[in-house]
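Hi there,

As promised, here is the structure we talked about. Have a look at the model below, and then read on for what turned up in it.

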Amino acid sequence: MSESRKGVIWNTLGSGMLAANSVLLLLIVSRVFGVAAAGDFGIVFTTAQILYIIGLFGINHFQMTDYAGQYSFGAYRAAKWITTAAMLAGCFLLFFWGGNTREQAWLLLLLTLYMAIHSFAELYQSRFFQKNRLDLCGKSLFYRTFFSLCVFAGLSITIKNLYLASAGMVLTNLITLYIWSLCPSRAMPDESRDVKKQLFPLFQTTVPLFASLFLMNVMVNLSKYVVNYYENSTAQGYFNILFLPTMGINLLSEFVFKPLLSQYGAALGEKDFPRFLRLYQRHLLLIGVLTAFCCLGGYLLGTQVLGLFYAVDLSPYRLELFLTILSGGFIATGSFSYYLLVMLRKQVWIFWNYAVNIVVGTAVSIFLVKNLSLL
């Protein structure tokens, strides 16, 4: 098997495992601990994922596409220590003053630690991607996610303690980070030139990416927070289950376009903008077809299938599920376009797009949830 084909296979496995992770975590919590616990877990995991954006700070996406080596790996690593520390500081602020219940606060701490390790692993996954080692990138993501999920499931079922299960997941993620990220990276030259001089320009470059990603994730999950404010944990549990397929389209589309980012890079390098545009149009068409297929399947069978998996009755929520899946197509299009605008180094365009959307989205979400609840 060729290296490129092996890389695509492992990247697909890793991305698939990551796509399934939040779905399976919520499945385990719903079945073992109940819908209300799934509501608490879901909203806390969403907050941990938004804090994860602070840990990434947009640097990983820039690093992935830094084929010319504009910044050294030492600079990326130093930046990662700073952003991960900022992520944990944000968690502690929310732990003490975030308005969470006691149960939510402790879950937030554990799940943020889990995502902080993911954030640090992104440093090495982006390095593997930058060096065209998609196989190492995919293996790291697959094994870390898979074994952490297995430990969480095993502890949840055997000891029936959500906090100990989450702690076990954190420890497993840390161990697998060492085995499948740090160890393989030692074979690659560790360039650390002018780290201090590079840090400020690097952060200056990625601030718009960070702000955009942060706003995008708040915008995508805004309805969850409004539901959490106006409804109870059980309603939040139902909404989290209905929301799960939304990100599926985005992750499925990433299976296709992430391995092909180098083709976009080649088109830009050759200043072949018609080719760049043709690739973009093909992937937009793919997302449209995928969205239509998922919407149809979700409307006909989605509530039955999800209800069976999560042991809840979702039959009254067929229209709600259809709408969340439809929104997944728009999220996928935005996420895909984000990557390309990063390659074009149009970070400010991304920021203003989401800045406008977050203002509109906040007003719309509050009005609609107050009046129409989950719908």
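Let me start with a loop: A311 sits between helices α12 (273-310) and α13, where helices are DSSP runs of H or I with at least four residues, numbered from the N terminus. Phi of A311 is near 60°, a positive value in a residue other than glycine. At 52% relative accessibility, A311 counts as exposed; here buried means under 20% relative accessible area, exposed over 50%, and partly exposed in between, with a 1.4 Å probe and protein chains only.

Before going further, a word on the basis: this is a predicted model, in which local features need pLDDT of at least 70 and side-chain atom pairs count only at pLDDT 80 or more, while totals for chains, interfaces and linings use all residues. Residues are numbered from 1 along each chain as its sequence is written, and side-chain values use heavy atoms, with hydrogens and water left out.

For context, most residues other than glycine have a negative phi.

**Core**

The largest nonpolar core has 108 residues, and F41, F152 and Y310 have the most contacts inside it. Such a core is a set of buried Ala, Val, Leu, Ile, Met, Phe, Trp, Tyr and Cys residues joined through side-chain atoms within 4.5 Å. Helix α5 (residues 102-130) supplies the largest share of this core, 15 residues. Leaving aside neighbours within four places in sequence, F41 is in contact (heavy atoms within 4.5 Å) with L25, L26, V29, L107, L111, F152, L162 and S166.

N60, in helix α3, is buried at 4% relative accessibility.

I350 is found in helix α14 and is buried, with 3% relative accessibility. Not counting residues up to four places away in sequence, I350 touches L209, S212, Y338, L341 and V342. Its C-alpha atom is separated by 36 Å from that of Y310, 40 residues apart along the chain.

V356 also lies in helix α14, but V356 counts as exposed at 51% relative accessibility. V356 and L215 are 141 residues apart in sequence and 9.8 Å apart in space, C-alpha to C-alpha.

V356 belongs to a nonpolar surface patch that also includes L319, F330, F367 and L372, with about 1100 Å² of accessible area for the whole patch. Patches of this kind are made of residues with over 30% relative accessible area and no salt bridge, with nonpolar side chains (Val, Leu, Ile, Met, Phe, Trp, Tyr) joined within 5 Å; the areas come from the Shrake-Rupley method with a 1.4 Å probe. Helices α13 (318-343) and α14 (347-372) are the elements that give two or more residues to the patch. The most comes from α14, with seven residues. One member, L372, lies in α14 and is partly exposed at 44% relative accessible area.

**Aromatic pairs**

The count comes to 27 aromatic pairs. Rings of Phe, Tyr and Trp (its six-membered ring) pair if their centres lie within 6.5 Å; planes under 30 degrees apart count as stacked, over 60 as edge-to-face and the rest as tilted. F57 and F203 have ring centres 5.5 Å apart and planes at 85°, so this pair is edge-to-face. F57 is in the loop between α2 (35-56) and α3 (59-64), and F203 is in helix α8 (residues 195-230), 146 residues apart. Both count as buried, F57 at 15% and F203 at 18% relative accessibility.

F96 and W97 form a tilted pair, 5.8 Å centre to centre with 50° between the planes. Here F96 is exposed at 55%, and W97 is exposed at 69%. Ring pairs also link W10, F142, Y143, F146, F147 and W180 into a cluster.

**Salt bridge**

How many salt bridges does the structure hold? There is one, taking a side-chain nitrogen of Lys or Arg within 4 Å of a carboxyl oxygen of Asp or Glu as the rule. D135 forms it with R133, the closest N and O atoms being 2.8 Å apart. D135 is buried at 4% relative accessibility, whereas R133 is partly exposed at 30%.

Definitions and conventions
Patches are made of residues with over 30% relative accessible area and no salt bridge: like charges are joined within 9 Å, nonpolar side chains (Val, Leu, Ile, Met, Phe, Trp, Tyr) within 5 Å.
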